[in-house]
Amino acid sequence: MKEKGTLIVNVWNKLRYFLKETDLVLLCTCMAISTFGVLMVHSATLRKVSGVVSDSLMARILTAGGNLTRDTGVMILAITMGVAIAVLMSLIDYEIIVRLWPLVAAGSLLMMLALFKFGHGTPERPDTITWLKIGGFDFQPSELLKVAFIITFTMHIDLLKNKINEVLSILQLIGHAAVPIALVVRTDDLGSALVFVVIFIGMLFIAGLRFRYFAIAIAFLVTAAPILWSSFFSEFQKQRFLAVYHPNGLTAAMYDTVIYQQNQGINAMGSGGFTGKGLFQGPYTQNGLVPESKNDMIFTVVGEELGFLGAFLLLGVLLFLIVRLAWNGRRTKDAASRMLCYGTAFMIAAQTVINVGMCLKILPVIGITLPFMSAGGSSNLCIYIAVGIALSVYRFNKERAPVDFRLSRINTPFAEY
């Protein structure tokens, strides 16, 4: 009985220390947004429940007897796996994770290279090769590459930290970033390429790169803009840019076709007003009038059904999450841990700004998910891997109280005098 009581006390003490050293604010915020995302995706795909039933065993399992769509089921599964992986990764010292950068880089790059042999697109964009079929799921390797880039770029910056402002060091870092950016551009994933650019610039800024180098980069981009426009962007991508920034550059028929998705999204959010039409009650959402409302345009579902208030609160929570990651990075003891936290914060911030900008017709549609909210297993799973690394940074940078212990009943050969 005494041994059982001791075991319970030991388990409780371990659990107490585990919870004490875990950033529960960060983890619970992520899980809260994910739960909200599942609800919104379920609303966006609710009309499909009574639609076509797939013969796939995996699809039947994920639809839970017809109560959920496959998209909602995949999202729940990915989030569950993601949270479990995040918690496990939080127990591994982030220094070990960073030192494994060769394996991380090799694995993520091999998956990206596999796209050129086995990759496929979506029904809407069959010309792209952004997805790999793994088991019964489609996986997007660029999502994992983002996390791998944060890890490898952290290691690279840490190695060059004392000479970060030397020209040779800057050229090395540019070459490092050019590899993943070139790969995702080749797969026609312009949205992910832009996220990599933001992570790259943000981490260099935090690392202390001098402002003059940013000024030189801006001047170079402005000078090279005509060349980039003519040779870098596809005709379809050019049309999306023109539809937002120069509608007169397109014919009326072409403009209506290209801008249709964004116009429908704006109309949906506008119809929601301040408090929204009500959950599962949005006419645009429930009638499928906004293309890809479960993915790129999930923010329009929030705006229509929960109104300006719901959309504003969602953005507020996402901002809190980004600030929390940055704050944790600021409080760390070394450069590597700081880069890991800030890199994750820049990734989430970039995707949030780009996605919301698309939905509000401020930015062209370039295909990027809203973190924790959009349907899809790849984005939800991989973003929790990044969160797991940030949790590890928090745990292994936390000040630990000294252990108070006493030794008693020690027998020695020396007599007492």
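## Helix packing

The crossing of helices α4 and α17 is right-handed, a crossing being right-handed if the near helix is turned clockwise from the far one by less than a right angle, and left-handed if anticlockwise. Helix α4 (residues 70–90) packs against helix α17 (residues 377–396) at an angle of about 20 degrees, their axes lying 7 Å apart, so α4 is roughly parallel to α17, a label given to angles under 35 degrees. Axes are lines fitted to C-alpha atoms, for helices over the stretch in contact, and the angles run from 0 to 180 degrees between N-to-C directions. Helices are DSSP runs of H or I with at least four residues, numbered from the N terminus.

## Basis of the model

This is a predicted model, in which local features need pLDDT of at least 70 and side-chain atom pairs count only at pLDDT 80 or more, while totals for chains, interfaces and linings use all residues. Residues are numbered from 1 along each chain as its sequence is written, and side-chain values use heavy atoms, with hydrogens and water left out.

## Salt bridges

A search of the whole structure finds 7 salt bridges, each defined as a side-chain nitrogen of Lys or Arg within 4 Å of a carboxyl oxygen of Asp or Glu. One of them joins Asp23 to Arg324, with the closest N and O atoms 2.8 Å apart; this pair links distant parts of the chain, since Asp23 sits in the loop between α1 (2–20) and α2 (24–44) and Arg324 in helix α15, 301 residues apart. Asp23 is buried at a relative accessible area of 1%, and Arg324 also counts as buried at 18%, where buried means under 20%, exposed over 50% and partly exposed in between (1.4 Å probe, protein chains only).

Arg99 and Glu95 form another salt bridge, at 3.6 Å between the closest N and O atoms, and they are separated by about one helical turn because they lie 4 residues apart in helix α5 (residues 94–99). Here Arg99 is exposed, with a relative accessible area of 56%, whereas Glu95 is partly exposed at 34%.

## Loop residues with positive phi

Glu292, in the loop between α14 (283–286) and α15, has a positive phi near 55 degrees although it is a residue other than glycine, and it is partly exposed, with a relative accessible area of 26%. Lys361, which is not a glycine either, has a positive phi of about 65 degrees; it is found in the loop between α16 (335–359) and α17 and is partly exposed at 31%.

Note on methods: Helix = DSSP H or I, 4+ residues; strand = E, 2+ residues; numbered from the N terminus. Parallel < 35°, antiparallel > 145°, perpendicular 65-115°, else oblique.
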